[in-house]
Amino acid sequence: MKVFDIHTHIYPDAIAPHAVKAISSLYDDAVIRNDGTLSTLIEREAEAGTTRFAIHSVATTAHQVGSINRFVLASHQANPDITVPFAALHPDTEDLDTLVPQLKAMGFKGIKLHPEFQNFKVDEERALRMFAAAEGVLPILLHCGDRYVDNSAAERIINMKKQFPKLKLVCAHLGGWTCWQEAADKLMGKVDVWVDSSSALYALTPEASVRIIRGYGVKKVIFGSDYPMWYPKEELERFLALPLTDGEKEDILWNNHLELLK
């Protein structure tokens, strides 16, 4: 069975320890299971038997966008058969209408945003510039959900998505980290979104996971591991243990990303 992992973060070797420490601090000193480097990711995905995986990183300032995108693209070019590059953007990035088509021409297949790390609300004006530029050009993988702030709350996603109905939006963590069922109840049937399975299955019963997955629609769900937070092999094992049909698992693990990324 082919496997595509849509959710992996990578960092240059020199700053990976600092990045991992920052992630841990943001999430209440959570244990991060990997070091965040590309070489370790490749090893972990090989252990899982993953066929291909998206790679990305988050720009916490507009100044970081260029260097991050050069790093991600170089990482892809060094491993073209197994990686799929997603670009970084920031709400303060200039010339978005010009930049986003350029990113697509360079080979990026999507954009990764994290409203909590980047300190923006999904439906505020400066964020809407990014979604407007991406609509019809590149899909966006968006971190969603947080127990402390509402930057990416379901209500804000609905407000934003209704303004950009043609935007391909993947709401990470089954639509809302730490508020999985609540987010699903609000998003399902309200707007057309995709979701990924990352950082969700560890906290939900298999039955609850399947209920949420089928609620969104199996064709709208893509597997994700959230490396370096988790081991891809363990996340895949969690997914394969869900009471889904073989056909449903094949769609989520492989077929659906082909439709999303074309």
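**Exercise 1.** How many aromatic pairs does the structure hold?

*Solution.* The structure holds five aromatic pairs, where rings of Phe, Tyr and Trp (its six-membered ring) pair if their centres lie within 6.5 Å. This is a predicted model, in which local features need pLDDT of at least 70, side-chain atom pairs count only at pLDDT 80 or more, and totals for chains, interfaces and linings use all residues. Residues are numbered from 1 along each chain as its sequence is written, and side-chain values use heavy atoms, with hydrogens and water left out.

**Exercise 2.** Classify the pair formed by Y27 and F117, and say where its two rings lie.

*Solution.* The ring centres of Y27 and F117 are 6.4 Å apart and the planes stand at 55 degrees, so the pair is tilted; planes under 30 degrees apart count as stacked, over 60 as edge-to-face and the rest as tilted. Y27 belongs to the loop between α1 (16–26) and α2 (38–48), while F117 belongs to helix α5 (residues 115–118), 90 residues apart; helices (H or I, at least four residues) and strands (E, at least two) are DSSP runs, numbered from the N terminus. Ring pairs also link Y27, F117 and W177 into a cluster.

**Exercise 3.** Is W180 buried or exposed?

*Solution.* W180 has a relative accessible area of 10%, so W180 is buried; buried means under 20% relative accessible area, exposed over 50%, partly exposed in between (1.4 Å probe, protein chains only). Y202, at 33%, is partly exposed.
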